Amino acid sequence: MSTPQTRPIDPNTEAFLKEAAASPFDFHSGSVKAAGDEQLKRQINNAVTPRDSARKLRLLEVPDSNKLRILAGQIKQHTLDNLDYYLEQLTANVEKNGGHVHFAADGAEARQIILDIARDHDAKRVIKSKSMVSEEIHLADALEQAGLEVVETDLGEFIVQISKDRPSHLIAPIVHKSRQSVATLFSEYFKTPYNDDATSLTKQAREHLRDKFRQSEIGITGGNFLCAESGLVCSVENEGNQRQSVSTPRVMIALVGIEKLVPRMVDLAVMLKLLTRSATGNAITIYTNLYGGPRSFGEKDGPQEFHLVLVDNGRSEILAGEYRETLRCIRCGACLNACPVYRKIGGHAYGGVYPGPIGALITPLFEGLAKFKDLPQASSLCGACYEACPVKINIPKYLIQMRRDINRSHLNGRGERIVYRLWARAFQSSLLYALIGKFQKWDLRRRAHGSGWVRDLPKVAAGWTQIRDMPAPAKKSFHEMWRSRRFESMDSQTDASAGISPSPGGRGAEGAGRSRGDLQ
Amino acid sequence: MNSSSRQTVLSRVRKALGRDGALRDKPIPPAIEEPIARLVYSDIGLPELFQKRAREIAMLVEQVRIDELLPRIVQFLREQKCQKVMLSSTRILTNLGAVHFLCDNGIAARTWRQMTADEAYDMDAGITEVDYAVAETGSLVIRHRPEHGRLISLVPFVHVAIVQPKDLLPDLIDLFERLAQEGTGSGVTIISGPSKTSDIEMTLVQGVHGPNVVKVFLLA
């Protein structure tokens, strides 16, 4: 069998990209472009593949990581199922600690609340640490438009900010950038000679940001968890920029989604054990911060005023529907690192704030299925995300449900719906199914010309072979193999299961090709 | 606007959960089963485990007797070329007269009480006592309070921490149970190594916005 070839992007992709650029969001053009960018793919793979392996290794320290993940999922699910109770408990406790609690029904309200706080304090500079919600509600833009200086202080986010880029990973925002491009950026921004040593670059950012920390009136952070029982925000980081936000500015604002709650302090221990292991493969982050009110009497550092902004922005709507489970997400990024699709296209192609498998699921929920109807297709449904998820969100199941929603609400084309209807009909009849399968197999093998790889598929299925070759189906289908095996060894279970386990080489690859055809 | 938004969000959440009003009974969260969640059980060997784990996360650890503590601190600060040092105004350091000892040995030392918060940014090292240390992860736990500023363990390049064996806890579960019982003051920081980043091409760099050296003196 010949090896698959890497090819340059099809010439007709050019036209495709141009056409797609006109529409506001187009997953296909973004993903085709990214998948054709060898350097980007290498970069992303170098960053996320070791993290994925590190996660698996680190989880072996836990007696039974599956049970721990089930427990974590149960804790989050219980909280979501009783969210009204825990929101009230949290509010009461933050207020008891001397903090202010604000509820924001949507992004606009959240931005206004923060602008009002800034105005009350006549603030000119805001230091900000990493917060996915702030990206979600486009906070930095709003603050800058109001004349405030916003300083992103997480190294990755700082680089994103000064290069006017967007983050492409939940916890490693600049996986798509090379060291050289950061060096060029810094030499232009700071007007210093080019130096691409990561330590020097980090030091340069440290010096620059240190003065900003020292003279800032407002610190804004996100939060990984909210603890109802104590009224505390729990947030984790490695750099120390968030600790600066909790220590130096006069006013501190924590911006957190309402779904981040857990009931008890001890729940934090469970969640933390899973969060860092899943995110980076470490046992714990360098800093775990717990805060929830102003400094106490006599303290010299820490905020004099503490505000917690609880953001709904579509979450209560998700809570009401059948996708409630997706709100368990603790934004660890493990599903991104594990995902074969993310590894090929990176985060930007997903178009939303949240990339990867979880992004494919929640971006349409947050921003509308009509606009992001392509995202639920951005998955091979292999299940790696579900296997990686520390809170056991069944991402593949919900992606399939969402595909169903798209079909039901007629967001897809009429032709596609007809194909689905016919497909469903064929699946209900074993005779039709076998016939179509036989025809498909014959046709694909014919197109492979005996090479084992299909290079060009006709129009409707052209996407399959635009970037890579498709393995031709095996001579015998799974059904045929299964049938013959069963007759060979009716009495032995092990033989039958040996027949379906993928063997290295030909049959494994061919089997993969077939199942893909089925899922299409 | 504020209180009305609170009502809006809460009623939306209630509606989403299919409820008319507030819950009558307190919901009962899932039980934390220790065999599943706990990684460290025993009280035996905590100092050894703590040292091992702390070293794994790039902290420098040394076990000392209390009478050796101050001379060892001085020696370490000299090795690190730290001139200006701040100390938390906490019990052991106060009782041992650490400030005088350091000053007598040519180090410009000041306690947290003797300085302003902004001056912390000019210091070379900060010396603190921790409230707890967690053997499972090798972590140091500090409660924010007037005598123990947040910046001491954050802004200098060198952080020196003193850990008493009685404050060692086996597991993170024990830590959070303690914090729930004994309170968190105005906040808590859990420190597990020197500040780091690997944002640029996964290259590990130590000492980003916090210290790049964390030295732990574990009292024998």
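Two strands are taken to pair if DSSP finds at least two bridges between them, with strands (E, at least two residues) and helices (H or I, at least four) being DSSP runs numbered from the N terminus. The model is a predicted one, where local features need pLDDT of at least 70, side-chain atom pairs count only at pLDDT 80 or more, and totals for chains, interfaces and linings use all residues. Residues are numbered from 1 along each chain as its sequence is written, while chains are lettered from A and ligands numbered from 1 in the order in which they are written.

One of the pairs here is A:Asn289 with B:Thr189. Strands of a sheet pair through backbone hydrogen bonds, either parallel or antiparallel.

A:Glu237 has A:Tyr287 as its bridge partner in S9(A). S6(A) also pairs with S5(A), in the antiparallel sense over three bridges, and A:Leu226 stands opposite A:Val233 there. S5(A) and S6(A) form a hairpin with four residues between them, and A:Gly231 in the turn has a positive phi of about 70°.

How enclosed is S6(A)? Six of its six residues are buried, so the strand is largely enclosed by the rest of the structure; buried here means 20 or more other C-beta atoms within 10 Å of a residue's own, exposed means 12 or fewer, partly exposed lies in between, and C-beta atoms are placed from the backbone. Both faces are covered, with A:Leu232, A:Cys234 and A:Val236 buried on one side and A:Val233, A:Ser235 and A:Glu237 buried on the other.

The contact between the chains takes 82 residues from chain A and 66 residues from chain B, two residues being in contact if their C-beta atoms, placed from the backbone, lie within 7 Å. On chain A's side, helix H13 (residues 265–279) gives the most, with eight residues. That side divides into 38 nonpolar, 24 polar and 20 charged residues; nonpolar covers Ala, Val, Leu, Ile, Met, Phe, Trp, Tyr, Cys and Pro, charged covers Asp, Glu, Lys and Arg, and the others, Gly among them, are polar.

A:Asp301 lies in the loop between S9 and strand S10 (305–311) of chain A. With 21 C-beta neighbours inside 10 Å, A:Asp301 counts as buried. Leaving aside residues up to four places away in sequence, A:Asp301 touches A:Ser247, A:Thr248 and A:Arg295, along with B:Ala117, B:Gly149, B:Arg150 and B:Leu151. Its C-alpha atom is separated by 8.6 Å from that of A:Arg250, 51 residues apart along the chain.

Helix H10 (residues 179–189) of chain A has A:Val182, A:Ala183 and A:Phe186 buried. Seen down the helix axis, the buried residues of H10(A) fall within an arc of 100°, so they line one face; the arc is that of the directions from the helix axis to the C-beta atoms. Their cover includes helix H9 (155–162) and helix H11 (198–214) of chain A. Turned away from that buried side are the exposed residues A:Gln180 and A:Glu188. After H10(A) comes A:Lys191, with a positive phi near 55°.

As for chain B, it has seven helices and twelve strands. Of its 220 residues, 45% count as buried, and the C-alpha atoms of chain B fill a box of roughly 70 × 45 × 45 Å, taken along the principal axes.
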